[in-house]
Amino acid sequence: MSSILIRNLAEVATPCGITAQRGRKMRELRVVRSAAITIRDGLFDYVGPEKDLPREDGSFDEEIDARGATAIPGFVDSHTHLPFAGYRESELNRRLQGESYEDIAASGGGIAATVHATRAASKGDLVANILRRTEIMALHGTTTAEAKSGYGLNYGDEMKQLAAIDDANDASCVRLVPTCLAAHDFPPESKAREEGKSAYIDLILERILPEVSRRKLAKYCDVFVERGVYSIEQGRAILSAGRDVGLRPRIHADELSDSGGALLAVEIGAASADHLMYVSDGGIAALSASGTVANLLPATSFFLMSERYAPGRRLIDSGAIVSLSTDCNPGSSMTESMAIVIQLATLNMKLTIEEALTAATLNGAHSLGLAAELGSIEPGKVADLVLLDAPSHFHLVYHFGVNLVRDVFRNGKAVVHQGRVV
Ligand code: NIG
Ligand code: FE
């Protein structure tokens with residue numbers, strides 16, 4: 001039995017529940033001022049006013065004076081492309097001079113550039129990259145992250161990326177949930193010819209997905225459904241095959257154009273439809289009437305210098321389950337910070353701070369099938385917790401552009417203390 005008391009909190013702010021919140025309920029945080037939290041064996045025990053802390057709780061193995069910090073749940077970043085090698089800062093500079101993301105991809109940059117660098121990296125290199133990136137994530141308050149393959153685009157290199165996530169997971173300060181995104185693009189060497197493309201789809205269907213499932217290297221499968229990449233029909237075939245071997249679908253949907261991705265996500269019962277910058281009215285209606293999470297990634301709009309943000313306000317108002325993620329990747333969103341995502345979701349997509357916090361914690365956990373254990377600060381849940389150097393949760397947006405994260409606990413153990421990785 002280990003026990004921890006965290007006292008002298010200015011505030012605890014958390015969504016509540018063991019499943020996602022949707023619509024108006026996304027605003028309903030539990031906010032306790034002058035609070036205390038106790039943790040026993042890695043789980044939250046007492047969460048409430050410090051003055052009401054039960055006397056029989058007695059002494060603790062560790063007592064922490066939070067000195068007026070605000071406690072929020074650890075962030076759940078449910079869409080990242082973590083296991084990559086190499087950077088693409090020169091593409092940013094080209095975009096600053098007027099080229100578009102799709103122009104750069106067509107000239108050999110984009111996903112293909114990262115595919116070449118990732119194929120050239122060893123599994124050990126990828127593990128080291130993941131561990132460094134998860135440290136940065138933890139320093140910014142993330143305790144759980146989804147991680148996608150998709151820069152291998154052949155059998156061996158997709159497996160290498162997923163094996164690297166698996167190896168890193170034991171040592172990482174962030175809990176990782178793996179997704180097979182073999183259908184991120186077509187392999188650069190096969191893209192020019194239709195036969196090459198259909199041979200790669202056959203490889204995904206017949207070899208990659210069954211082997212990923214057999215080796216338990218992923219929980220989810222994903223497809224980039226987009227003009228010039230995978231069509232709706234190809235996406236449906238790949239995600240159905242994934243589902244048949246026990247990998248639940250997620251979809252890169254309606255990111256650069258309205259390609260019907262949200263409708264496919266609902267049709268196929270995907271855990272999430274991600275991006276949605278160009279989602280149609282029909283897509284919004286379908287998501288709102290479904291259990292598929294609308295996972296929004298405003299840092300991608302920001303970093304691609306697009307004026308187009310996903311219609312987060314409309315999605316919530318029409319009753320969809322909305323989550324928020326970084327999309328951390330070297331091309332369209334080079335950030336590990338969920339705080340910047342929350343700042344963009346509120347200031348640019350017009351979510352309230354309460355909605356954004358629910359989206360970045362409980363609803364993200366739900367989209368990864370983990371909301372019964374994670375995503376809120378409630379007795380019995382896993383003690384994943386962030387202490388912000390701030391007098392209230394509003395500072396997450398109000399005091400923008402700086403890192404307010406002081407301490408982070410995962411499974412009730414400190415992973416960040418005083419702004420440093422433990
Ligand atoms: O989510 N949409 C496709 N994939 C990534 C971008 C990947 C890249 O540019 O390397 C995304 O935006
Ligand atoms: Fe992505």
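Which residue's side chain meets that of Glu146 in a salt bridge? In this predicted model, the partner is Lys148, and the separation from N to O in the pair is 2.7 Å. Glu146 and Lys148 are both buried. Side chains of opposite charge can pair when their charged atoms come close, and the salt bridges in the model come to a count of 26.

Another of these pairs is formed by the side chains of Glu11 and Arg33, for which the distance from N to O is 2.6 Å. Glu11 counts as buried because its relative accessibility is 3%, a value under the limit of 20%. Arg33, by contrast, has a relative accessible area of 47% and is therefore partly exposed, as this value falls between the limits of 20% and 50%.

A further salt bridge joins Lys191 to Asp185, and the closest N and O atoms of this pair are 2.8 Å apart. Here, too, the accessibility of each partner can be stated. Lys191 has a relative accessibility of 31% and so counts as partly exposed, whereas Asp185, at 11% relative accessibility, counts as buried. Salt bridges in the model also occur in a network, in which Arg27, Arg313, Asp317 and Glu355 are joined through bridges that share partners.

Definitions and conventions
Residues numbered from 1 in each chain as written. Chains lettered and ligands numbered in written order. Predicted model: local features only at pLDDT ≥ 70, side-chain atom pairs only at ≥ 80, totals over all residues. Heavy atoms only, no water. Salt bridge = Lys/Arg side-chain N within 4 Å of Asp/Glu carboxyl O. Buried < 20%, exposed > 50% of the residue type's maximum accessible area, 1.4 Å probe, protein only.
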